[in-house]
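Visitor: I have the sequence and the model open side by side, and I'd like to walk through a few spots with you. Could we start with the rings and then move on to the helices?

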Amino acid sequence: MTTGPRRPKRLRRLLIGGGLAFALAAGGAAAYASGIFSDIGDPTSFGKVEESAAAEDVRPGVSMPTGPKAAFVRTYRMPDGTQIARTTLKGPKSGFTGDVWVWVPKEYDDPRYAKSAFPVLISLPGGRGYPKNYWGTGPGLGLEQAVIDGAKAGKSLPFILVMPVINADTKHHFDGSDIPGQPKMGTWMADDVPDFTRANFRTFTSRDGWAFMGSSSGGFGAFKHVLKHPDRFKAAIASGVDIVPDSPLWKGNTQAMDENNPEKLAEKLIAAGGPDVYINFQIGTAEGGRDKTEKFMQEYGKGPVHTRLQVIQDGEHNGKSYVRGMREGSLEWISKVMSPPTPDPGVR
């Protein structure tokens with residue numbers, strides 16, 4: 001076999017090394033995206049500016065983190081540097097243990113807001129909603145980016161997004177409720193998750209800083225919790241929702257179902273004369289259920305129950321359509337009824 005002259009050893013080493021470097025560079029972006037070389041999966045924390053706010057400087061209506069601090073693991077970084085992180089919460093009141101994802105806006109760590117509370121949007125998924133919450137496992141649906149863009153445009157408040165699982169297993173729907181004999185998913189979402197949020201973040205002491213959003217079964221949980229606990233939560237964005245509880249786990253327990261039925265809860269709230277709650281329904285033109293939503297609005301959207309419908313043209317029964325509806329009006333609407341963070345004029 002005839003061969004050409006061999007390259008000098010030093011040149012061969014350079015070529016081999018260069019080829020290896022090129023291969024690493026070519027795969028570097030994919031490796032980083034997959035978490036091999038990134039900080040995804042690393043322990044992380046929020047609220048680096050809070051230590052600069054002395055206790056005597058706490059503003060009225062602001063609840064500073066009470067602790068204990070949760071152990072967060074970073075799951076994603078947004079282009080603006082903000083992060084989505086996950087922790088496991090053992091619910092003291094519900095007895096249920098599940099994962100919670102959190103995203104905090106860039107303003108939260110701005111020194112100008114070190115003494116300010118931030119509004120919270122508890123974001124509930126549809127489907128099984130266990131063992132993950134699809135709003136928090138990545139940016140694909142665009143919820144976090146919608147809040148970033150809305151805040152930048154002055155159309156949305158910079159909400160803290162808290163994204164818990166909503167069911168206790170992959171087999172059953174629990175209607176976001178304490179179904180007798182089952183895990184207390186209603187207490188988990190209405191008590192444990194807000195308590196966890198207060199333990200870790202600067203929040204408002206009043207309900208003006210607390211709201212829900214959700215899609216499908218998560219949308220049911222969102223507007224049901226606002227109607228059931230109007231003293232704690234003020235508003236909800238409810239997309240593609242069920243109107244009444246329908247889990248087979250109720251097994252005909254009418255009294256318990258009525259205590260978690262939005263129609264019954266709305267009747268009770270109207271009869272009591274308040275407090276006022278605000279529910280923004282979203283429905284796509286390519287999905288069903290609009291008739292039931294409009295019927296609820298017609299019958300119960302009065303007195304202290306304020307309702308609005310965001311129709312999403314060509315919208316389907318999925319998260320991407322619902323985030324588009326939020327961009328097209330629902331985020332701006334809910335931002336007008338919630339309390340905003342307030343910067344300290346003396347800090348630049």
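Visitor: Which residue lies over the face of W210?

Guide: This is a predicted model, and in it R198 lies over the face of W210, at 5.1 Å from the ring centre.

Visitor: And what sits over the ring of Y108?

Guide: There it is the charged end of R202, which is 3.9 Å from the centre of the Y108 ring. Y108 also belongs to a cluster linked by ring pairs, together with F46, F72, Y113, F118, F196 and F201.

Visitor: How many aromatic pairs does the structure hold?

Guide: The structure holds 16 aromatic pairs. In one of them, F46 and F201, the ring centres are 5.5 Å apart and the planes stand at 55 degrees, so this pair is described as tilted. F46 comes from the loop between β1 (43-44) and β2 (62-63), while F201 comes from the loop between α3 (185-200) and β8 (203-204), so the pair ties together parts that are 155 residues apart in sequence.

Visitor: Are F46 and F201 buried or exposed?

Guide: Both F46 and F201 are buried. Another pair is F296 with Y300, whose ring centres are 5.0 Å apart and whose planes are at 40 degrees, so that pair is tilted. F296 and Y300 are 4 residues apart in helix α7 (residues 290-300), which means that about one helical turn separates them. Both F296 and Y300 are buried as well.

Visitor: Staying with α7, which of its residues are buried?

Guide: The buried residues of α7 are T293, F296, M297 and Y300.

Visitor: What do the buried residues of α7 pack against?

Guide: They pack against α4, α6, β11 and β12.

Visitor: OK, α6 then. Which residues are buried there?

Guide: In helix α6 (residues 262-272), the buried residues are P262, L265, A266 and L269. They span an arc of only 100 degrees around the axis, which puts them on the same side of α6, and K268 and A271 are exposed on the other side. The partners that the buried residues of α6 pack against are α4 (217-228), β11 (277-284), α7 and β12 (305-312).

Visitor: What caps the N-terminal end of α6?

Guide: N261 does, with a side-chain oxygen that lies 2.9 Å from the backbone nitrogen of E263. Just after α6, G273 takes a positive phi of about 80 degrees.

Visitor: Switching topic: where does D99 lie, and why does it count as buried?

Guide: D99 lies in strand β5 (residues 97-103). Its relative accessibility is 18%, and it counts as buried because the cut-off is under 20% relative accessible area.

Visitor: Which side chain does D99 make a polar contact with?

Guide: The side chain of D99 is joined to that of T88 by a polar contact of 2.7 Å.

Visitor: What about G181, buried or exposed?

Guide: G181 is exposed, with a relative accessible area of 81%, and it lies in the loop between β7 (160-164) and α3. From C-alpha to C-alpha, G181 and L249 are 9.0 Å apart in space, although 68 residues apart in sequence.

Visitor: Last one: how many helices and strands are there in the protein chain?

Guide: The protein chain has 8 helices and 12 strands, and of its 348 residues 51% count as buried. Among the contacts in the chain with a separation of 6 or more, residues 24 or more positions apart account for 73%.

Terms used. Residues are numbered from 1 along each chain as its sequence is written. This is a predicted model: local features need pLDDT of at least 70, side-chain atom pairs count only at pLDDT 80 or more; totals for chains, interfaces and linings use all residues. Side-chain values use heavy atoms; hydrogens and water are left out. Rings of Phe, Tyr and Trp (its six-membered ring) pair if their centres lie within 6.5 Å; planes under 30 degrees apart count as stacked, over 60 as edge-to-face and the rest as tilted. Helices (H or I, at least four residues) and strands (E, at least two) are DSSP runs, numbered from the N terminus. Buried means under 20% relative accessible area, exposed over 50%, partly exposed in between (1.4 Å probe, protein chains only). A charge sits over a ring if NZ of Lys or CZ of Arg is within 6 Å of the ring centre and within 35 degrees of the ring normal. A polar contact is a pair of N or O atoms within 3.5 Å; within protein, one must be able to donate a hydrogen and the other to accept it, and residues adjacent in sequence count only if both atoms are side-chain atoms. The arc is that of the directions from the helix axis to the C-beta atoms. Contact means heavy atoms within 4.5 Å.
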